[in-house]
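User: Please take a close look at a single part of this model and describe it in one connected account. Please state each cut-off where its term is used.

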Amino acid sequence: MLLSRRVAAAVLLLTASTSLAAQQAPPGPDPRLDAIARAPSEERIARDIRILADFGTRHTFSDTLSRTRGIGAARRWIFAEFERISAACGGCLEVRYTRSIVPGREGTRITRDTEIVNVIAIQRGTSHPDRLVLMSGDIDSRVSDVMDATSDSPGANDNASGMAGTLEAARVLSAYRFGKTIVYAGLSGEEQGLFGGAALAREILDSGWTVEAVLNNDMIGNIAGINGEVDNRSFRIFSEPVPPGATEAEQRNRRVYGGEVDGPSRQLARYIEALTRRVLPEMRPRMIYRLDRFGRGGHHRPFNDLGMPGVRIMEMHEHYDRQHQDLRTEDGRHFGDVIDFVDFPYAAKLTGVNAATLASIAWAPPPPTRVRIQGAVSPSTSVSWQPAPDDGAIGYRIWWRDTTAPQWEHSRFIPAGRTLITLEGVVIDHWLFGVAAVGPDGHESVVQFPVFGR
Ligand SMILES: [Zn+2]
């Protein structure tokens, strides 16, 4: 009796301290993210890449009327596949074509007026439907001559792999509900000059949505590089350092206080890197501090051009004989982007990286605004912020890192209600700072980089 009373008291004490702790520390990582990261199916991805490659060519100028060959047949299949996914979740996706006309100009990659058609599927958010995270792959393909619209151009890795990953992420995530809206996009006109992405980015900007993340997947299935290296664990996250078009004041601030490697796209890259290490520890994410590869483009760029955070996710090792090549054999050397060279388990892993990132951000509160730091000529640093309206956050996490460190290192959780914290003993000159909002399930927003001052 006495013992059980003691136990009861201990339980009571434990309960009290747990609820106290609940106010001071957020819950641990949401295990649903681990499940989501491992859910993508290599079989379904393989099937979808095969179907896309079997349309013969998906060149932007290819046949749009045939039911079996060309980009028209490919986009109608993608549309129908999104509709099938939606039917399985009780109509949770709105599937649409978005169309734009690119005027033809001699000497460019669009020589006649061309309709560029994207296929998008929208999974509306429940609490912040106007906030959006987007994953994309590309529909179109090419061979050696970028204007060749008739030769076989399977584009299995470039970029049926990204398209198949996007469809698979929709299958995985449509089983859940999210606060923010997720958009799954099949983009066109990539090889002719990033036209589908440019049109969609403009449309999103004009509809007044706030874009929190664009994950452009372009070539996520090759594990054997032209240099002979074979690696099914590493992948790259490309991000621009800061958005284009900084004001003179912003440039001056960066010069004096830092922030030249801390733009919103770079914070998104850090977010993906850190999340991957947690949910897929066998993978080796590698941040590349660069918009894209030398002399190459990708569909995150038109979103970046309009000030939206976006990154390119792709394989570590490229094989140039298998990109943009006429299908042929020369002296026993194979050229062409055929399905035999796509590694499906690897594409499934990279799809898992995307799906976990989309879920984590879409479940997290909107990030705080007006993040400021102060503390010049003092032994401590003050960080302040404004919660986004109705953010539902249980608190905010203050992050800081060494000025030469690529990833956030130290953090402190501040329960909701406060909008200012002084980090005693942390000298402002020695660190870079940021603030993220934390939701009731422990999901964090992307870190917001501060401005110095009030
Ligand atoms: Zn390409």
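Analyst: **The disulfide and the helix packing**

The torsion about the S-S bond of Cys89 and Cys92 is about -85°, so this disulfide is left-handed. The sulfur atoms of Cys89 and Cys92 lie 2.0 Å apart, and the count of disulfides (cysteine sulfur pairs within 2.5 Å) comes to one. The model is predicted, with local features requiring pLDDT of at least 70 and side-chain atom pairs pLDDT 80 or more, while totals for chains, interfaces and linings use all residues. Residues are numbered from 1 along each chain as its sequence is written, and side-chain values use heavy atoms, without hydrogens or water.

Helices (H or I, at least four residues) and strands (E, at least two) are DSSP runs numbered from the N terminus. Helix 3 (residues 42-53) packs against helix 5 (residues 156-173) at about 130°, with 9 Å between the axes; these are lines fitted to C-alpha atoms, for helices over the stretch in contact, and angles run from 0 to 180 degrees between N-to-C directions. That angle makes helix 3 oblique to helix 5, where under 35 degrees is roughly parallel, over 145 roughly antiparallel, 65 to 115 roughly perpendicular and the rest oblique. The crossing of helix 3 and helix 5 is right-handed, that is, the near helix is turned clockwise from the far one by less than a right angle.

On the helix 3 side, the contact (heavy atoms within 4.5 Å) is made by Arg44, Ile45, Arg47, Asp48, Ile49 and Leu52. Helix 5 contributes Ala156, Ala160, Ser161, Met163, Ala164, Leu167, Glu168 and Arg171. By class, there are eight nonpolar, one polar and five charged residues; Ala, Val, Leu, Ile, Met, Phe, Trp, Tyr, Cys and Pro count as nonpolar, Asp, Glu, Lys and Arg as charged, and the others, Gly among them, as polar.

Helix 3 also meets helix 11 (residues 344-363), the axes coming within 8 Å and crossing at roughly 105°. Helix 3 and helix 11 are therefore roughly perpendicular. Glu42, Ile45, Ala46 and Ile49 of helix 3 touch Phe344, Pro345, Ala347, Ala348 and Thr351 of helix 11, a contact of seven nonpolar, one polar and one charged residues.

Between helix 5 and helix 11 the angle is about 50° and the axes are 9 Å apart, and the two helices are therefore oblique to each other. Their crossing is right-handed. Gly165, Glu168, Ala169 and Leu173 of helix 5 meet Thr351, Ala355, Leu358 and Ala359 of helix 11. Five nonpolar, two polar and one charged residues make up that contact.

Eight strands, in the order 1-2-4-3-5-8-6-7, form an open sheet with mixed pairing, two strands being paired if DSSP finds at least two bridges between them. Strand 1 (94-102) and strand 7 (284-289) are at the edges with a single partner strand each, so one side of each has no neighbour in the sheet. From one strand to the next the twist averages 25°. Strand 6 (residues 234-239) pairs with strand 7 in the parallel sense over six bridges, and Phe235 stands opposite Pro285 in strand 7. Helix 4 (residues 71-88) packs on this sheet, touching strand 1, strand 2 (114-123) and strand 4 (180-187), and its direction makes about 155° with that of strand 1. Helix 5 packs on the sheet as well, touching strand 2, strand 3 (128-138), strand 4, strand 5 (210-217) and strand 8 (310-315), at about 145° to the direction of strand 3.
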